Every structure is written in structure tokens, then in C-alpha cells.
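Subject: The two-chain model, and what turned up in it

Hi,

Here is the structure I promised to send over. Have a look at it first, then read on for my notes.

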There are 2 protein chains.
Amino acid sequence: MVHREPGELLDATVAAIRPPDEGAMAAAESMQARLTKPAGSLGALENLSVRLAGLAGTCPPPLPEPAAVAVFAGDHGVLAQRVSPWPQEVTAQMVANILGGGAVVNAFARQAGVSVTVIDVGVATALDLPPGGVLGGLPDDGVIAGFTPTASSPFVAAKVRAGTRDMTVEPAMTRAEAIAAVEVGIRVAEQLVEAGARALLTGDMGIANTTPAAALIAGLTGAEVAAVTGRGTGIDDETYAHKIGVITTALGLAGDGLDTIGLLAAVGGLEHAALAGFILGGAAHRVPVILDGVIAVSAALVAAALAPASAGAMVAGHRSAEPGATVGLRHLGLEPLVDLGMRLGEGTGAVLALPIVASAVRVLHEVATFDSAGVSEK
Amino acid sequence: MVHREPGELLDATVAAIRPPDEGAMAAAESMQARLTKPAGSLGALENLSVRLAGLAGTCPPPLPEPAAVAVFAGDHGVLAQRVSPWPQEVTAQMVANILGGGAVVNAFARQAGVSVTVIDVGVATALDLPPGGVLGGLPDDGVIAGFTPTASSPFVAAKVRAGTRDMTVEPAMTRAEAIAAVEVGIRVAEQLVEAGARALLTGDMGIANTTPAAALIAGLTGAEVAAVTGRGTGIDDETYAHKIGVITTALGLAGDGLDTIGLLAAVGGLEHAALAGFILGGAAHRVPVILDGVIAVSAALVAAALAPASAGAMVAGHRSAEPGATVGLRHLGLEPLVDLGMRLGEGTGAVLALPIVASAVRVLHEVATFDSAGVSEK
């Protein structure tokens, strides 16, 4: 067992993240021009393939399969401020539903051939785990048995604390807790990659978790709170106005001048922190990380603030209906692949985008050139 | 062998197309409200699942797999007007490339597990067919050996004529040729469904085929020619202005007051006609037809003009960069699933959308209800 100091894994991970390989990107651009199709006719997929070549440092980059979606679950003290109409126990109930294969992310994952791993990084209420498939805690080393991209819904017990504190009253987490949650995410990324995953997909489950997401996006982009706050799972006008006030209060309490970890601790969530680590872990291993919705985008902003080059590993899976997602993606310079008005979370938008990402990469592996196919050019 | 009069199959197919089943649609709407997700959180996928239930007449509707993309190939006399910089022989060369598995549609199809069938409905130059996989003509009855959703790239020789005539000089086809091409498409749809396909995807290959597509879209929607004409595979400003003039000339020669088949014959293409039949065939068999880009949209307008209820079978796979596609989709009341600036054709946009369609349907089959999963409601 490796004994690490808190923060040591985070520092090492940030240090390992490299900028995109320009040679591989140039090779991918040149290859796109020789394939049997009009130049530019694959639109955004051409640029995506070039970015993934830069990430992998080779052209063609590896196919992003097998892929694994990691659903980080946590609860939020700010729910006490009534920012959501759903009771807190729904987080634990939905964790059980996902482990039982009954959630939308499971249906999408079966369609796409993606494994679903659930990580309890901060659920507040008791988890009623189904028999089997429960794999216990996250070891410092090695791959947990069954923790593979093909096993169905392994569960990882990695609770940092039973929900955050109410960020309108005090910081949601201590710095140590925030760092511990980030490092859970890094280790999950590492272990999934070690188990064979060639794409990491972000997932989340946590009642009220759009509130800390909006707070992080406002704090990290400088956007107005109202411009990044949405209706989450569906709230009325009164609750929506109240939610904006709650986020404004929390950001006021946090104050200016915090560093990234300080802001994350003040107004973030345990699953947001873990997702930031998950993204950093993917970037350090040069594996693409397909972002889901607004929770993922807030975590991506944290990751990019800690390690700007980590943006090279990010693929925006979809445009969530939550306005903060669009603000955050613009800040990151990312264009989403799917835009269907979805706002479910769980990783659903990321899983839906995977076949598109795989198709973009497959072009560089399999399509004939004008020369090889004997096709005339214009 | 069944001896049919020309037009008999078209008439019977149009007569077989039924409006959506409202009971199945209501059942799907009600089911969406009970599943473990916030109401409406799957955005456009919820409505898509309801439409497909209406098409199938049952809830949940069948999963749209296995799926088959049919690539109808044809040439265009209007190429003599220099509307494209590509030589005509590229149509035949790309047919060979697709049959050899080297085109983008093949790469996408392998990713999605979709079979690719190529139909020569009107190629002008000699086809250099690879050994094996060539299945000969389209019999009146029965399923051609190997003509299955899992076989790779079967080829169907169903040439109606070797390219259309120049529509700026005379009608591109006679009415009989247009009807014959439509009926090729119907028979391909029927045989793919009989072979097990549960979704039909439109594909096309034909140098200059965005020109007749734009003419059909202008003729069937009443939009200005300039508003529906794009740059196809990539043409310069001068050729673009010339292309608009060519289409305007052809529509002027065709005149007003033509019926749908008359317009199709005057300014359409053999693959456009076959695709219209393919869509009608899918609709008659209550199987979803996923539309690719602007060629498919022009054919869908023809199908909807012949049988308005056929729109219930149409799923807009993507938004082509060609402006006519957006005009046509709006006219049909369809919202595309993928919008990535693609303009390749071949069926690539339809294949890319298939996993999204399948995911939407899978939700109705597999996701737990609040009751069954023991999840609290808000």
C-alpha cells in the first residue's frame, strides 16, 4: 500500500498533464485531407479527431472503447435552503436504482456498450445496496476485482463525508475534504484506465447538485449568478428566484480571493470535486473524458483552473438545458456534440455522445484515401 | 414472380400508410411520466419515443435494430452545366469504395453495427465491382440471398437508366422512369424489412445530386431557390451563383402545375426518386426511416407530398450544412437529432443518429418506474 500525503496525488496528477502533441494533430489534419470525402465535410468531427490525436500523441488516436461512465454520488447541505423539491433520500434511492440497472444511464449504457461504476463520495442517507456487485472501498493500489469497463455497475464506497455542509452558513467542505474528494476521482480514473477503459465518461447523482454547480460556474467564469442558474430537475418561479439568492449568498460568504481549491471547498460538492479529479486523472493518462451536463462542466472548470492543459482531454458530450452548462462550455472553448434539451444528469448526455466520438476516431483508422481507393479528385 | 403494372406498387404502398396510433402515443407519454427521471428531462428524446410508439402502434415500440442503411447511387445530366467540380466517374468510384468498405459510411456503420446496402438505380459510368458481395438484380419476390441487415455491403443492380437527362434542357426523367425508380426504393425497403431490419437509414451517392435536391425542395416548399441551394461538396462563389441560375432555369422549364411525380421527373434524380420510395416503404411497414441530409430531405418532401402520413415514419437524423435541408425539415415539422456541420451524404448523418434513436426507445423498455424502484417523488 502506498502511503500518500493528502494532496500529493493531486499535485502529481496536475504535473503529469501535458499540452496536446502538435505533431500528432498536424498528422491528423493532413490525413483528413487525403480521405475519400470532400474536405471539411465531416464538420465538427474532423476537428474532434484532430484534438484526440493531439491528446493521445499519436495519429490515428486509439478508439475510445471500451468506455466507462463513473457516476459520483453526493448530498448537499444547501438542500436545507429548499433549493429542490426532491427529498434528500432520493440520492441514495437513485444510487440503488443505478446499481440495479434501472436508471436511464443504465439503458443508455447498455445501448452504447458502456460500463457503469457508481462511487459514493458523499451520500448523506443510508444506502440500500443490492446483493452482489458491491465491491467495497477504493484501494490505494491495484484494480478492484470487477472494477472493469465491462462489469455491470460495480459500486465503490469512497465516502469522504455524509454530504456537504450548508454553503450559505459555512464552507461546504474543508480544504482537506475537497482535496480528498478530488483524489477519489483521480483514483477512479486511474483504475478504470488500468482496467482497460479508453474513454472516461462523467456521471453524477445528487439531489440539489445543480446549486453548487451554478455557484462554481459563476465563481470560475465571472458570469452573473442568474445567467448560470437553471431550474435543475424542475422548480417553480419562486424556488428559482430563491435559488439565485441562495447561490449569491454562498458566493458572498466565500468572498473573493480564494484559490481554486478554496472556492471548491466553499461552494462545491463532493461529487463535483471528485469529477474534477476524474477529469484530471483522464488528462494525465491522455484518455478522453466525455463531459455530461452542468455538474460535469462545473467540475471541468475546476480541473482547467488547476491544470489548464487538462482541457485538451475534455470532450463536451452534450449541451444541457441548464444555462450554466453553456456558459461554462464557452469559457472552456468547447462545442457540445449533442444538443437535445436534456437535463437529467447521471452521465446520460456523455453516454449518448460516445458513439459520435468513436465514429470520429474510426474515420482516421478505416477510411480509404483517394489514392488507395482510386477515386478521382475534383 | 408477381407481374405488376408500373405504379401499382407505389399506389398500394401509399394506400397502406396509416396515421400514427394515438393510443400507443398516449401510452408512451404516460409511461415517460412514471419513469425514474424528472418529467421532461430527456428533452427531445421523450417526444421521439412517443412518435415511434405511434408509428409502431404499440408501446413500447420495437428497438430500431438491426438497422440497415441503403445507399442509392445515381448520376445527373445536369452535371453538364458544371454545377460540381467533381468528375462524373466519381459516383461509380465511390460505389466501389463503399462496396469495398472504405468510405466514411462504412466506418460509421461498423461503429453502429449497421449493414450497408448499395443500390445502383442510375449510375452513368461503368461500375468496377469488387469480386464477391455482388448480388445482382432485385427480384420481384423474396429476399435476395445475403440481402440482410448483417451482411456487409450487398450490391443491388437496379439501374433504371444510366443517369438522368439534363434538367435545364428537358425533363430529367420520364414519368415512367421516375415511378420505376420510386418502386425500386419501395422494394429495397420491403426486402430489408423482410430480412429483419427494424430501422431503415437513407444513404445516397451521386455527383451533382445536391442540385436536383435543391430544385425539389424549392418546388415542394415554395422557398426561394437561393434559400435552399448550398455549396454541396464545396464550390466557389462563381459556381454557386451559377448553380442557383441552373436550378432556376430547370424549375422555369418544368413550369407550375405539375403533380408530385411530374416535378420529380422534371427536376429530380434517380436516387432521389428511389429514396422517396424507400421512405414510403418504411412508412407502409411502420418501420422508422432515419433521414440523412439534403438528398434525403428532398426525397422526404416527395414522400410526404404523395402520402402525408408517411411523415410519421420519418426521423431527422441530422442537420446537414446544406441550407435546403433545414428548409425542408421545417416544412416537414422535423427537428434533427445531430447538428455537427456535416455535409457528406452517403447516409453518414443517419447512421450517426441511430444510437440516439435506439437510446430513446430503450428508455421505454428498460427504465424502472418510481414505484418499482422505490424512489420517492418530489
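Below is what I found, starting with how the two chains are related and ending with some local details.

First, the ground rules. This is a predicted model, so local features need pLDDT of at least 70 and side-chain atom pairs count only at pLDDT 80 or more, while totals for chains, interfaces and linings use all residues. Residues are numbered from 1 along each chain as its sequence is written, chains are lettered from A and ligands numbered from 1 in the order in which they are written, and side-chain values use heavy atoms, with hydrogens and water left out.

**The two chains**

**The largest pocket**

The largest pocket has a volume of about 640 Å³. For the record, a pocket is an open set of points on a 1 Å grid over the protein atoms alone, where a 1.4 Å probe fits, with protein on both sides within 12 Å along at least five of seven lines; lining residues have an atom within 4 Å of a point. The volume is the space filled by probe spheres set on the points, which are joined across faces, edges and corners.

(Helices are DSSP runs of H or I with at least four residues, strands are E runs of at least two, and both are numbered from the N terminus.) By type, the lining splits into 18 nonpolar, four polar and eight charged residues. Here Ala, Val, Leu, Ile, Met, Phe, Trp, Tyr, Cys and Pro count as nonpolar, Asp, Glu, Lys and Arg as charged, and the others, Gly among them, as polar.

Helix α1 (residues 8-16) of chain B has B:L9, B:L10 and B:T13 as its buried residues (buried is under 20% relative accessible area, exposed over 50%, partly exposed in between, with a 1.4 Å probe and protein chains only). They lie on the same side of α1(B), because they cover an arc of only 100° around the axis, taken from the directions from the helix axis to the C-beta atoms. Exposed B:D11 and B:A15 are on the face turned away from that buried side. The cover over the buried residues includes α6 (175-194), α10 (260-267), α11 (270-284) and α12 (294-306) of chain B.

Helix α5 (residues 104-112) of chain B is mostly covered, with eight of its nine residues buried. Its cover includes α3 and α14 (348-366) of chain A as well as β1 (67-74), α4 (89-99), β2 (115-122) and α14 (348-366) of chain B. Just after α5(B), B:G113 has a positive phi of about 70°.

Most residues other than glycine have a negative phi, and most peptide bonds are trans. In chain A, the bond from A:C59 to A:P60 is cis, with omega near -5°, and so is the one from A:E65 to A:P66, with omega near 0°. A:P60 lies in the loop between α3 and β1 (67-74) of chain A, and A:P66 is in the loop between α3 and β1 too.

A:A208, in the loop between β5 (199-205) and α7 (210-221) of chain A, has a positive phi near 85° and is buried at 9% relative accessibility. B:R286 also has a positive phi, about 55°, without being a glycine; its relative accessible area of 34% makes B:R286 partly exposed.

**One more residue**

B:D292, in the loop between β6 and α12 of chain B, is buried at 2% relative accessibility. B:D292 and B:G349 are 57 residues apart in sequence, yet 4.9 Å apart in space, C-alpha to C-alpha.

Cheers

Notes:
Contact = heavy atoms within 4.5 Å.
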